[in-house]
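Morning, everyone. Here is the model, and then a quick walk through its packing.

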Amino acid sequence: SNIKQINQELQQEEEKYKHLIDNLHAGVIVYDSETTINLCNYTACQLLSLTKDQMLGKKADDPIFKFLSENGQILSAEAYPVNKVIRTQRPLKNYILGIKKYNDTSTSWVLVNGFPEFSMDGIIEQIVVTFIDITTFKENEDTLYKQFNTILILRKISDEIRKTLEIKKLFKNAARVIGKAFQ
């Protein structure tokens, strides 16, 4: 029948959609308005070191999730991307977040975007959060920052050495002048 065919086509479209999402290089998590995870892709699971089973049905503030601010402080649940989107009712763009991996000591760094999807009457129905791994970039940035600081310190030291040598030279010249005066 026609309805059966339409249902089959819808199911095929949904499978294609899920396959596409699963193969994105960005992590994708879809939350409902109560911050329960309804969908997550393979990349999200990898970045969080969790399985789909561990994530689906969990709320954003579940203790399984530990996020850090850009300066390494543990984030409160209110600062989690999904909660920021719900609170502001606006998209969240280019938010940098650290992921303290579950059962692991390492931290991954991600660039997060989140956007709300509204019902016809303007109520948030779901929030889509996407994130890409920027760990290497962040680590390189930290290394560059440390190298830059080292250069500044070396520059200060070389300035001090130069000043010391100039002072020594002044003393030598002064001693020579004084020495001549007493000959």
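Start with Y31. Leaving aside neighbours within four places in sequence, Y31 is in contact (heavy atoms within 4.5 Å) with T36, I37, A60, V82, E125, Q126, I127 and V129.

A word on method. This is a predicted model: local features need pLDDT of at least 70, side-chain atom pairs count only at pLDDT 80 or more, and totals for chains, interfaces and linings use all residues. Residues are numbered from 1 along each chain as its sequence is written, and side-chain values use heavy atoms, with hydrogens and water left out.

Now the core. A nonpolar core is a set of buried Ala, Val, Leu, Ile, Met, Phe, Trp, Tyr and Cys residues joined through side-chain atoms within 4.5 Å. Buried means under 20% relative accessible area, with a 1.4 Å probe and protein chains only. The largest nonpolar core has 29 residues, and Y31 is among those with the most contacts inside it, as are I29, L48, M55, F65, F67 and F131. A second, separate core has five residues, including I21, V30, L39 and V128.

Next, the rings. There are two aromatic pairs, meaning Phe, Tyr or Trp rings (six-membered ring for Trp) with centres within 6.5 Å; planes under 30 degrees apart are stacked, over 60 edge-to-face, the rest tilted. F65 and F67 are stacked: 6.2 Å centre to centre, 10° between the planes. Both are buried. F67 and Y80 are edge-to-face, at 4.8 Å and 85°. Y80 counts as buried because its relative accessibility is 7%. F65, F67 and Y80 form one aromatic cluster.

How values were computed. Buried means under 20% relative accessible area, exposed over 50%, partly exposed in between (1.4 Å probe, protein chains only).
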